[in-house]
Amino acid sequence: AERAQRLCVFARTPCQEVHITDSRPPSGVYMADANLVAEVSSALHEVLAPTTPPERRQALQQALQQERSRAGAGACYLAVLAESSDEALLWFALAVHEAALLRAADTSGGTAERQQLRAVLLGMLFGPRYETLPPSARGKAVSLLARLVVATWPAEDPTLLPSLLELLAAPGAARPRAAAVLAALADELAPGRQRGLA
């Protein structure tokens with residue numbers, strides 16, 4: 001018979017519990033705050049592995065979904081965006097911030113966190129790190145930066161849009177990147193696309 005298994009995963013202090021119905025014996029999985037990123041990375045790769053049993057994959061997907069939707073989770077993943085080369089983890093970190101922007105009354109934490117996120121995204125897309133980013137992370141970073149601009153411009157950074165336009169006008173490697181961000185921004189501003197962004 002199925003029973004509720006307590007699986008406390010991706011926890012910040014204090015521990016936030018995830019209750020998952022699972023027919024297997026308790027696995028003893030506990031992910032402490034100090035190991036959050038490593039545990040999330042491990043869970044992502046286990047989900048993606050073809051040998052993962054369906055029940056385990058479903059339990060991990062539920063836990064990852066809860067972590068992605070956790071209020072305030074974005075701060076945990078800024079360093080991932082700035083430093084990681086793990087494609088699955090980068091994509092997840094970007095998805096965490098995207099989820100925060102899409103939640104009503106939440107624009108990815110406070111102003112300071114949004115400014116940090118903006119700086120990290122600009123570094124990803126216009127810094128030397130761009131060449132080493134997986135294409136999926138590049139695309140999601142472009143989309144997230146466009147959403148961030150829609151949510152915060154011009155109040156928090158009135159110079160960002162003019163800066164992108166300047167990059168578009170200048171020759172060099174940054175031009176197509178700026179064009180991609182501006183195209184994503186135009187898409188975000190299209191009628192019917194602003195899903196609750198403030």
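How many aromatic pairs does a search of the whole structure find? The search finds one, where rings of Phe, Tyr and Trp (its six-membered ring) pair if their centres lie within 6.5 Å, and planes under 30 degrees apart count as stacked, over 60 as edge-to-face and the rest as tilted. The model shown here is predicted, with local features needing pLDDT of at least 70 and side-chain atom pairs counting only at pLDDT 80 or more, whereas totals for chains, interfaces and linings use all residues. Residues are numbered from 1 along each chain as its sequence is written, and side-chain values use heavy atoms, with hydrogens and water left out.

**View 1. Overview of the chain, with eight helices and two strands.** Helices (H or I, at least four residues) and strands (E, at least two) are DSSP runs, numbered from the N terminus. Read along the sequence, the elements follow the pattern β-β-α-α-α-α-α-α-α-α. Of the 198 residues, 44% count as buried, that is, under 20% relative accessible area, with exposed meaning over 50% and partly exposed in between (1.4 Å probe, protein chains only).

**View 2. The aromatic pair of Tyr77 and Phe92.** The two rings are edge-to-face, with 5.7 Å centre to centre and 75 degrees between the planes. Because Tyr77 lies in helix 3 (residues 74-83) and Phe92 in helix 4 (residues 87-102), the pair ties together parts that are 15 residues apart in sequence. Both Tyr77 and Phe92 are buried.

**View 3. Charged side chains over the rings of Tyr130 and Trp91.** A charge sits over a ring if NZ of Lys or CZ of Arg is within 6 Å of the ring centre and within 35 degrees of the ring normal. The charged end of Arg138 is placed over the ring of Tyr130, 4.3 Å from its centre, and Lys140 lies over the face of Trp91, at 4.3 Å from the ring centre.

**View 4. The buried face of helix 8 (residues 174-189).** The buried residues of helix 8 are Arg177, Ala178, Val181, Leu182, Ala184, Leu185 and Glu188. Seen down the axis of helix 8, they fall within an arc of 160 degrees, so they line one face of the helix; the arc is that of the directions from the helix axis to the C-beta atoms. These buried residues pack against helix 5 (111-126), helix 6 (135-152) and helix 7 (160-169), where contact means heavy atoms within 4.5 Å.

**View 5. Arg118, a buried residue of helix 5.** At 4% relative accessibility, Arg118 counts as buried. Leaving aside neighbours within four places in sequence, Arg118 is in contact with Leu145, Leu148, Thr152, Glu156, Asp157 and Leu160. With the side chain of Thr152, the side chain of Arg118 makes a polar contact (3.1 Å), meaning a pair of N or O atoms within 3.5 Å; within protein, one must be able to donate a hydrogen and the other to accept it, and residues adjacent in sequence count only if both atoms are side-chain atoms.

**View 6. Asp86 in the loop between helix 3 and helix 4.** Not counting residues up to four places away in sequence, Asp86 touches Ser41 and His45. The side chain of Asp86 makes a polar contact with the side chain of Ser41 (3.1 Å), and the side chain of Asp86 also reaches the backbone nitrogen of Ala88 at 3.0 Å.

Note on methods: The expected span of a helix is 1.5 Å times one less than its number of residues.
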